Amino acid sequence: MIHEGHGVAMGAEPRPRIGRSVAVRAGTALRGLFDRIIGASSLVSNDAVLDVRDFAWTASLRANWQAIRQEALAMALRHAEASPAISDMTRDHRPSAPVRQWRSCRLWGHGGGVADRLADCPLTSAVVGRIPGLNNAQFAVLAPGTHVPVQRGVTKGLLTCHLGLVVPRDGDVRMRVDRRIARWAEGETLLFDDTYDHELWNESSGTRVILSIQVRRPLRQPGKWVADTWLGVIRRSALVEADALA
């Protein structure tokens with residue numbers, strides 16, 4: 001997913017830091033303006049959590065969830081050494097696990113797929129590849145005992161969909177989006193707007209695994225032009241966090 005960056009200014013001179021601070025504030029104000037235009041142009045709800053029945057393509061994810069889960073876990077075994085991010089899905093996590101307990105294995109990025117990974121999961125590739133407005137997709141894992149602090153996405157022009165693949169049942173595994181509490185379920189989809197404040201918890205003894213997808217929000221003009229332009233800026237900036245997930 002695309003999330004706000006939290007970079008640290010380099011150098012000892014105060015002037016560059018001041019300049020960067022001004023640029024950040026200007027960028028935040030501009031993003032707020034763009035999000036308001038996008039929201040006013042939206043062809044779907046602007047709620048924090050959306051109704052999956054309004055997105056027909058989510059039915060295919062639910063219908064194929066078991067096969068998608070098998071491919072995700074098989075990929076974890078095949079890439080146990082080469083891809084530690086995805087191999088963590090097969091490990092018995094504990095609260096003492098490494099700091100980076102929130103990981104992903106990207107399948108589609110901004111502008112194309114990761115060929116070797118798509119080859120490892122042909123059914124997932126076929127199902128996700130038919131989703132209209134696909135922006136990115138990844139298998140995402142959340143280790144037990146993990147809390148992902150509050151964050152928000154950088155453009156209202158994208159919507160996020162989660163398909164539950166492995167959801168532990170011996171504890172509370174949940175996400176807060178604005179004022180809504182949502183819980184993943186195996187074989188079910190959750191669709192939300194990540195520009196609302198959101199945070200995640202895995203208060204169980206097992207690892208949560210999902211397929212996380214971002215799609216372009218259905219828009220009319222002028223919001224579509226604004227969203228496409230702003231997304232292009234984001235892709236070329238340091239705001240793209242390659243391994244981010246929700």
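**Salt bridges and cysteines**

Modeller: Start with Arg-174, which counts as buried at 14% relative accessibility. The model is predicted. Arg-174 has a salt bridge to Glu-203, with N to O at 3.0 Å. That pair links distant parts of the chain. Glu-203 sits in strand β10, and Arg-174 in strand β7, residues 172-177. The two are 29 residues apart. Glu-203 is partly exposed, at 44% relative accessible area. The cut-offs explain the labels: buried means under 20%, exposed means over 50%, and partly exposed lies in between.

Arg-174 also forms a salt bridge with Asp-172. Here the closest N and O atoms are 3.2 Å apart. Asp-172 counts as partly exposed, at 23% relative accessibility. Now widen the view. Asp-172, Arg-174, Arg-183 and Glu-203 are linked in a network of salt bridges.

How many salt bridges does a search of the whole structure find? The count is ten. One of them joins the side chains of Lys-156 and Asp-193, at 2.6 Å from N to O. Lys-156 lies in the loop between β5 (146-151) and β6 (158-166). Asp-193 lies in the loop between β9 (189-192) and β10 (198-203). The pair therefore ties together parts that are 37 residues apart in sequence. What about burial? Lys-156 counts as buried, at 9% relative accessibility. Asp-193 counts as buried as well, at 0% relative accessibility.

Next, the cysteines. The structure holds zero disulfides. Take Cys-105: the nearest cysteine sulfur belongs to Cys-121, 7.8 Å away. The cut-off for a disulfide is a pair of sulfur atoms within 2.5 Å. Cys-105 is buried, with a relative accessible area of 1%. Cys-121 is buried too, with a relative accessible area of 0%.

Lys-156 and Asp-193 pair up from two loops. In the second, Lys-156 is buried, and so is Asp-193.

Notes:
Residues numbered from 1 in each chain as written. Predicted model: local features only at pLDDT ≥ 70, side-chain atom pairs only at ≥ 80, totals over all residues. Heavy atoms only, no water. Salt bridge = Lys/Arg side-chain N within 4 Å of Asp/Glu carboxyl O. Helix = DSSP H or I, 4+ residues; strand = E, 2+ residues; numbered from the N terminus. Buried < 20%, exposed > 50% of the residue type's maximum accessible area, 1.4 Å probe, protein only.
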